[in-house]
Amino acid sequence: MHLYNLTLSRPSAITCAIYGNFSAPKVHEIVVARGKVLELLRPDDAGKVQAIHSTEVFGIIRSLTPFRFPGAQQDYVICGSDSGRIVILQYSKDKNCFTRIHQETFGKSGCRRIVPGEYLAVDPKGRACMIAAVEKSKFVYVLNRDNDARLTISSPLEAHKGSNLCYALAGLDMGFDNPVFAAIELDYAEADTDPSGEAASEAQKHLTMYELDLGLNHVVRKYSEPIDNGANMLIPVPGAGDGPGGVIVCAENFLIYKNVDHAEVRAVIPRRSSLSGERGVLITAYTSFRQKQTIYIFVQSEYGDLYRVTLDYEQEVVKELRIKYFDTIPPAASICLMRKGFLFAASEFGDHSLYQFSSLGDDAADAGVESSSASLMETDEGYQPVFFDPRPLTNLEPLDRLDSLAPILDMKVANLADEEIPQIYATCGRGARSTLRVLRPGLAVTEMAVSPLPGNPTAVWTIKRSAGDEYDAYIVVSFSNATLVLSIGETVEEVSDSGFNGNVPTVQCQLLADDSMLQVYPGGLRHIRPDRRINEWKAPGRKTISQATTNERQVAIALSGGEVVYFELNPQGMLVESEKREMGGDVACLCVAPVPEGRTRCPFMAVGMYDGTARLLSLAPDTTLKVLSTQAVGATPESVLMLDSPQSGREGTDEGAGSGALFLQVGLVNGVLLRTEVDRVTGQLSDTRTRFLGTKPPKLFAAAVRGERSMLALSSRPWLGYSDQGKFNLVPMSYEALDYAAGFCSEQVPEGFVAVAKNSLRVIALERLGEFFNQQSLRLRYTPRKFVIHPDLKVLAIAEADHAAIPLAQREDLKQAAADAAAAAAMEADQQGGGEAAAQAAAAAAAAAAAAAELVGPEMGEESAAREEQWGAPKGEPGQWASCVRIVDPVSLQTTHCIEMADNEAALSVCLVNFDSHPEHGTLLAVGTAQGLKFYPREAQNGFVHLYRFLDGGKRIELVHKTPVEGVPGALAAFKGRLLVGVDSLLRLYDMGKKRMLRKCEYRRLPTRVATLHVAGSRIYVGDSQESVLFMKYKKADNQFYVFADDIVPRHTTATLHLDYDTLAGADRFGNVFVSRLPPEISAQVEEDPTGGKYAAETGLLGGAPNKLRATNTFHVGEAVMALQRAVLQPGGRELIVYGTINGAIGVLYPFTSREDSDFFQHLEMHMRQEHPPLLGRDHLAYRSYYFPVKDVVDGDLCEQYPQLSADKQRAVAEELDRTPGEVLKKLEDIRNKLV
């Protein structure tokens, strides 16, 4: 089996974010690392974050830092990765990609303890950078410019010290003195040699300064002194006239200002009043920037609270350090403060956010809690803490959210909403920020307005008042016997003074170059001049106009009978008929592109004929309406459209770019869209590609997307063809079928579409361009562990559990809020006259609320849930769990029932089961729970399996009984009318009893812990948490389990998927995906053996089972895969494996159907490795073989970078494959279209 790996939705978690001006001076941008993807984001003026460029680096990005030379206007990016190389990147605006300026090798590849790359710091004046490892190694590189202002980099200078751990690194601001780098270090040499462990308990962290002597060109340890053992982060303070210099050390509960020859200044970090005394407060992210004379430093704690840090200083002496509570946002991996007054927060879990500062917390009205070094009080128990209560956002306003699926904890693909494409259901997030997401391939659409019309319209257009206007002025709606003109303003209303003839249907309308308007109707043309004079042209004889196409200077019409008439706008503002031509058959559709910049006319017109051909006609003055080329398209064309390749000639990254390729798009009556390249000089057609869009013939319309002319194709669902990051994308829109559409631009909707469907007029806008899936989400209460889908009732059952959390029933803050609300309601009833009726009404309302709460459990209101998402849930004690089982209706995305677990139980596993011994119960829900589960060491007081029955058509569940199992039930599966339970390292078979389940059979010799269970026939496939997968059999006659095959490599299994009787796909926690198969001859032998392999199982091989599985495919994805599913992602498509990762990526593994395809892509991948090595210097083959050599899996993500090669390289690679570049691109497009 040969597989093709393709990422559908890139990772959405952000591990690191940096701010700077990367593409041009004064352009505020953010570069983010998403595990193995590097991305450039740019917030626009409206505060919407746009992804400008995204690239796979085929390596792990460990650290990023921006740097610029003194006096320069633009930033470079320095990257530390697992390639053992330091890489300096520059963003090239012309090529729309990152280019590698320098790459210096210093160590082995991989994330190792003593190979630098984990920490990066740069001198604020851009003269040097230091790259450090977790242990021992540090290198300093001197950065400089040569005579041509190109960046140069020195040989590395070593600053190593053995037995030395590094916790943080920062570059200090020394002005133009020698660069100094500060590090938090711990020397463990004594602890290593002392067997008693005393030295380890006395180990002390030090703040160490390294000075780079630019004159002598070497690095010295200039200063080292002990600091607080809770120190975890360093914040450099501006110096050299802009501030006091030095560094702020972030430690547990404290911020400490340090500098050489300066007394330490310590202030306590304000803490939440709800935090227990044992819990410390650590700073996990910071951002700072300097404006004129003010230094802004914002820090964030692990609970999400933001603080503003202020230093009071004179010359270079710090008098006071103040920490003021600022606001609370979800905990972030990185925060970036931008000069526009934006704050970008890359959340650890859940959606990322962009905020705007409404104030800096300086004003007297902001009564935020503040602690200061001046008021630091020392008591017998340590320093006096300062308390505050979190509050709603006061200084920040949310502007935009970037959807993030990270981490995906479980995922299923099913068509529960009866749509043509199945939906992906994923449980994501952690704690109070957990969600259930429903993903559908396609663009998310926002419906801005819907209004009914007096009949079924046939077409719609939008028109501006003059060519220079920004917004559209009129919407023109045509009916079968009339035309309606609506003006666009605050509201949309009908107008009668537009000059249009309202008593006839309209075929086409257009604003011409001299601001006159044209209406084409079946009887002729109506030209409305700017001064409201009207010229008419009548169709000759009894002929009528059947089709028309226009741009700002050219008009072409097709008369019934197949005659085409062509008009041009002359300099006097008159439309002049310049040529006629008989086409020899009826014309189905016409299209002329807009006039290119700097030209007076468009040189080509496309004509679709009823005889199944598309023709290209010349519009040049000397060869007007001459047929340049003809293409048989295999069906009647429904509509044609001419479209430029994305940003042709400017980007140089897409096919045909540079020459500015022109494409002819043809929608056929059989639902196929045809795309053909047009030669701009000769008009010849070449390189045709097809794609099936739907059951209705696609109608094609031009509309502006991101300021570029794009294509809207309306079939049984709408599709959008637009350019994203220099590539042409054709993606479905998640919206119902539309009949006709046009681009729409107004003050409220800067970029959208106006469309008609049946008898309604709709204005729609697109939400997130560039996203592969659109999402709907439902808030969950705790971290989702596993979920199942009931196939008949079509409901989801989700098990949720949180460690160190307080169950809802014990939450004092919620009880208090409920009591306050009840008191307020009672008071209001009193004020309204206190009559009996009012009191009774209040009581009835309270009773109804209580009944609703009983059904769904003590669910939070929308307001408190949103607050919890922002602040996080209160923290409990270790070993305390909060957990629930939730039933969700997937169509309405509503919780119908929720049961909270009592007695400190945590729901960890779920499955559906039918018991043969009790068929009257039907399908039951089995939930495995652990009581009082603790980690390090892993222990639990007890484990239980709860059985629930479904009521009210799946809307509710009720407990049948629960059975203690003396361990943690990690996995459950239905097996031959009974229930299989994996309890720690035991496998048990249970049957149903009256009061509890009855144990029927047990197997005790599994290696570590059951992680996953699958069954087929009498075989059981067990995924072990450390020892890969085992194939087992159940022998009914002996009532015994035995293992007949296992794997030869230990794998820490996270997910498995049963493919067929002998084959299992799986994933491990180190980011590998594998497919293991039992060789067919051994499988047959096991089935035919009269003992069923029972005695063979006792003999064993290599200390394991007698037979070994063979790995048919292995591949390193690069992040832990948490869920695997088989699915078909398009109507009539092939089955493939879909996987979801901990970083929120969704990818597929597609089995090749032919040897020819497999060979082609293998060779393309091989050439791409040579011609386009990964950006950060990691070897692609080594990366995909991180733990096990890659086997029979082609990396589609690398193959899809083929269009980014230069035209010469594309040609060279294509020649090696005996193809043309067009054919290679067509292959890549075809395989992608096969998948989704």
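In this briefing, Ala, Val, Leu, Ile, Met, Phe, Trp, Tyr, Cys and Pro count as nonpolar, Asp, Glu, Lys and Arg as charged, and the others, Gly among them, as polar. By these classes, the lining of the largest cavity comprises nine nonpolar, one polar and four charged residues. The model is predicted, so local features need pLDDT of at least 70 and side-chain atom pairs count only at pLDDT 80 or more, while totals for chains, interfaces and linings use all residues. Residues are numbered from 1 along each chain as its sequence is written, and side-chain values use heavy atoms, with hydrogens and water left out.

**Cavities**

- A cavity is a set of points, on a 1 Å grid over the protein atoms alone, where a 1.4 Å probe fits but cannot get out; lining residues have an atom within 4 Å of a point.
- Grid points are joined across faces, edges and corners, and a volume is the space filled by probe spheres set on the points.
- Two cavities of 30 Å³ or more are counted by this rule.
- The largest cavity has a volume of about 80 Å³.
- Its lining holds 14 residues, of which R781, Y782, R811, E868 and A873 are the closest to the centre.
- The second largest cavity, with a volume of about 30 Å³, is lined by seven nonpolar, two polar and no charged residues.

**Sheet**

- Four strands form an open sheet in the order β39-β66-β65-β64, with antiparallel pairing, where pairing requires at least two DSSP bridges between two strands.
- β39 (445–452) and β64 (740–744) are the edge strands, each pairing on one side only.
- β64 and β65 (residues 752–757) pair in the antiparallel sense over five bridges, and Y740 stands opposite V756 in β65.

**Salt bridges**

- The count of salt bridges (a side-chain nitrogen of Lys or Arg within 4 Å of a carboxyl oxygen of Asp or Glu) comes to 76.
- R401 and E869 meet in a salt bridge at 3.2 Å, N to O.
- This pair links distant parts of the chain, 468 residues apart: R401 lies in strand β35 (residues 396–402) and E869 in helix α5 (residues 862–871), a helix being a DSSP run of H or I of at least four residues.
- Buried means under 20% relative accessible area, exposed over 50% and partly exposed in between (1.4 Å probe, protein chains only).
- E869, at 14% relative accessibility, therefore counts as buried, whereas R401, at 42%, is partly exposed.

Definitions and conventions:
1 Å grid on protein atoms, 1.4 Å probe; cavity = no way out; pocket = protein on both sides within 12 Å on 5 of 7 lines; lining within 4 Å. Helix = DSSP H or I, 4+ residues; strand = E, 2+ residues; numbered from the N terminus.
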